[in-house]
Amino acid sequence: MNNVLVASNRGPVSFTVSDDGELSLRRGGGGLVSGLSGVAKDDGVLWVCAALSDGDRSAVRLAPGGRIDQAGYDTGPLRMLDIPPATFHRAYNAVANSTLWFVNHLLYDIPNAPLFGTKFGREWESYRDYNGAFALALAEEAGHEARVMVQDYHLTLTPAMLRAERPDLRIAHFSHTPWAPPEYFSLLPDDVAREVLEGILGADHAGFLTDRWAQAFMDCCEALLGAEADRVGRSVTHDGRTTRIGVHSLGVDGAALWERACEPDVESHMTALKEQVGDRRLIVRIDRTELSKNIVRGLVAYGEFLGAHPEWHGRVVHLAFAYPSRHDLPEYREYTASVQRCAQQIEDEYATEDWDPLILNVNDDYPRSLAAYRMADVLLVNPIRDGMNLVAKEGPVLSPRCALVLSREAGAAAELGSHALLVNPYDISGTATALHDALVMPEDERRTRRDKLHAAATALPPQKWLEAQLDALA
């Protein structure tokens with residue numbers, strides 16, 4: 001049996017099926033996977049995740065009890081759950097990504113959404129079933145008094161469900177997103193809001209990336225549950241149980257990231273990018289086409305910068321890597337199209353025969369992203385709202401002279417803000433000015449800021465992040 005378990009929707013690997021039926025394995029995507037993969041594998045932590053694709057489901061069927069590591073794959077201990085596709089779709093797309101994500105990132109167009117009717121009631125039942133499947137699997141796999149770390153907004157109900165199955169376990173829940181203030185969180189139906197909060201309070205320890213998000217969670221528990229929130233000691237007491245609240249910033253393993261960024265496939269991409277852009281300065285952004293990432297405003301700000309500073313024409317290129325995200329949802333398909341339209345407008349207005357001011361790429365390519373980091377003069381990270389944002393931390397680790405333009409609404413601003421150029425993510429003109437300031441920053445100031453960003457970004461790598469939470473469960 002296992003003494004330490006991690007549960008998350010997305011796992012450390014994913015599978016694809018080729019035309020001839022062969023399964024191939026690749027690294028999973030997303031900040032959570034980036035942060036935890038190496039730690040979990042190296043320390044023998046059992047990872048429990050959902051099968052997300054047809055390839056994943058094929059792999060599960062070939063693995064005894066869904067244990068991928070026991071089917072000949074070098075994944076570290078890993079169990080995938082083959083949740084019925086209809087249940088998964090409703091839980092993942094309709095509730096987790098279209099409701100809880102929207103609430104905690106304050107993304108709703110309030111005059112028109114949300115609409116909580118009978119259809120949402122059915123979707124919520126699927127979300128319960130999905131969380132129940134995780135709770136059951138964890139209960140089966142966990143040794144006596146094991147420590148279980150449940151991750152993120154997909155699995156808010158799992159801690160309370162798991163506690164009902166296995167009261168001997170020590171359970172933590174960690175939120176990688178922001179947390180909404182009570183007046184916004186209460187957009188949820190009252191019974192759903194209570195169930196989410198009480199689900200997380202089923203844990204012994206509830207963790208957040210910044211004090212701001214932890215305080216917002218305690219505010220919600222106090223306002224919507226009538227719970228007792230101890231803000232000095234960081235705990236919430238409700239229905240006779242006390243859950244400790246922790247703040248655990250997630251940083252970057254600088255040595256491991258740099259080692260990966262020096263591999264031949266990355267060097268090859270650097271060569272190709274240098275041929276493409278020449279000796280021009282580079283403004284880089286690397287994001288998923290996620291509504292909260294604010295890509296369109298970032299592109300508009302770059303266009304405004306070009307309009308205000310013709311002296312930079314032909315001397316700067318914006319590498320904008322915007323990788324597809326959640327294309328099952330119409331809002332995300334339209335957002336990707338908006339990104340592409342905005343990029344085309346900049347090209348149409350400013351491009352010349354020998355200068356492409358903007359290179360937009362929407363095909364996910366991790367080695368190319370690492371190459372772009374290494375070449376960046378300016379890194380633009382301007383989310384509307386973000387739990388942390390590891391891009392803001394990875395860039396200064398890999399670029400020796402990176403100036404960071406950072407949204408004050410990113411969780412990373414709490415640690416990096418004093419060394420970055422902070423912007424209001426809604427202020428396009430302010431962001432355009434910050435891009436110019438970053439480009440003309442004196443070299444000694446640039447390197448001093450970058451060195452301080454590097455130190456802050458690597459201060460709490462995934463290993464320490466995991467250890468701190470396990471210690472909290474001791």
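1. Aromatic pairs: a search of the whole structure, which is a predicted model, turns up 16 of them. Rings of Phe, Tyr and Trp (its six-membered ring) pair if their centres lie within 6.5 Å; planes under 30 degrees apart are stacked, over 60 edge-to-face, and the rest tilted.

2. Take Trp101 and Tyr153: their ring centres are 5.3 Å apart and their planes sit at 55 degrees, so this pair is tilted. It links distant parts of the chain, with Trp101 in helix 3 (residues 85-104) and Tyr153 in the loop between strand 6 (142-151) and helix 5 (158-165), 52 residues apart. Helices (H or I, at least four residues) and strands (E, at least two) are DSSP runs, numbered from the N terminus. Trp101 and Tyr153 are buried, meaning under 20% relative accessible area (1.4 Å probe, protein chains only).

3. Now Trp124 and Tyr127: with centres 4.8 Å apart and planes at 25 degrees, the rings are stacked. Both residues belong to helix 4 (residues 118-141), three residues apart, or about one turn of the helix. Trp124 and Tyr127 are buried too.

4. There's also an aromatic cluster, made by Phe88, Tyr92, Tyr130 and Phe134.

5. Stepping back to the whole chain, you'll find 18 helices and 17 strands. Of the 474 residues, 58% are buried. The C-alpha atoms fill a box of roughly 65 × 55 × 45 Å along the principal axes.

6. On reading the model: residues are numbered from 1 along each chain as its sequence is written, and side-chain values use heavy atoms, leaving out hydrogens and water. Local features need pLDDT of at least 70 and side-chain atom pairs count only at pLDDT 80 or more, while totals for chains, interfaces and linings use all residues.

Notes. Buried < 20%, exposed > 50% of the residue type's maximum accessible area, 1.4 Å probe, protein only.
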